[in-house]
Amino acid sequence: MKFAAYQGEYRQESNLDVSLRTFGDLYDFWFAQYKNTVRGSSYYVIKKGLDKNVYPYLKNKQLKSITLIDCQNLINKLLKTNPGNYVVLSTYTKKIL
């Protein structure tokens, strides 16, 4: 099982709404919910950071096709482009996924 996961072959079925097919769909859905749970300033800061650094990288990816390697490549990219905030950005990306 670990070997298959490393190769990006392991998939866990989810109970997501079928309209949530891409990361972009899930992203929009998640932020609509998140907005109701935090102050406007917190929402704006997190959304701005993710809009700039994460959303362009994953937006068109089918949720079923996002692999461990895609996630590691995103972490590597964040470490290079935004080293001061990569922990926050990766944490919120994990929350969305």
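Colleague: What does Thr93 touch, not counting residues up to four places away in sequence?

Modeller: Thr93 touches Leu50, Val54, Leu58 and Leu74 once residues up to four places away in sequence are set aside. Touching, or contact, means heavy atoms within 4.5 Å. Bear in mind that this is a predicted model, where local features need pLDDT of at least 70, side-chain atom pairs count only at pLDDT 80 or more, and totals for chains, interfaces and linings use all residues. Residues are numbered from 1 along each chain as its sequence is written, and side-chain values use heavy atoms, with hydrogens and water left out.

Colleague: Why does Thr93 count as buried?

Modeller: Buried means under 20% relative accessible area (exposed is over 50%, partly exposed in between, with a 1.4 Å probe and protein chains only). Thr93 has 6% relative accessibility, so Thr93 counts as buried.

Colleague: What makes a stretch a helix here, and how many helices does the protein chain have?

Modeller: Helices are DSSP runs of H or I with at least four residues, strands are runs of E with at least two, and both are numbered from the N terminus. On that basis the protein chain has six helices and zero strands.

Colleague: Which residues meet between helix 5 and helix 6?

Modeller: Leu74, Ile75, Leu78 and Leu79 of helix 5 meet Tyr86, Leu89, Ser90 and Thr93 of helix 6.

Colleague: How is helix 2 set against helix 3, roughly parallel or roughly antiparallel?

Modeller: The axes of helix 2 (residues 23-34) and helix 3 (residues 40-53) come within 11 Å and cross at roughly 165 degrees. That makes helix 2 roughly antiparallel to helix 3. On the helix 2 side the contact is made by Tyr27, Phe31 and Tyr34, and on the helix 3 side by Ser42, Tyr43, Ile46, Lys47, Leu50 and Asp51.

Colleague: What makes a set of residues a nonpolar core?

Modeller: A nonpolar core is a set of buried Ala, Val, Leu, Ile, Met, Phe, Trp, Tyr and Cys residues joined through side-chain atoms within 4.5 Å. The largest one has 19 residues, and those with the most contacts inside it are Phe23, Phe31, Tyr34, Leu50, Val54 and Ile96. Helix 2, helix 3, helix 5 (68-81) and helix 6 (86-96) are the elements giving two or more residues to this core. Helix 2 gives the most, with six.

Colleague: Which residues does Ile96 touch, not counting those up to four places away in sequence?

Modeller: Ile96 touches Phe23, Leu26, Tyr27, Trp30, Phe31 and Leu50.

Terms used
Axes are lines fitted to C-alpha atoms, for helices over the stretch in contact, and angles run from 0 to 180 degrees between N-to-C directions. Angles under 35 degrees count as roughly parallel, over 145 as roughly antiparallel, 65 to 115 as roughly perpendicular and the rest as oblique.
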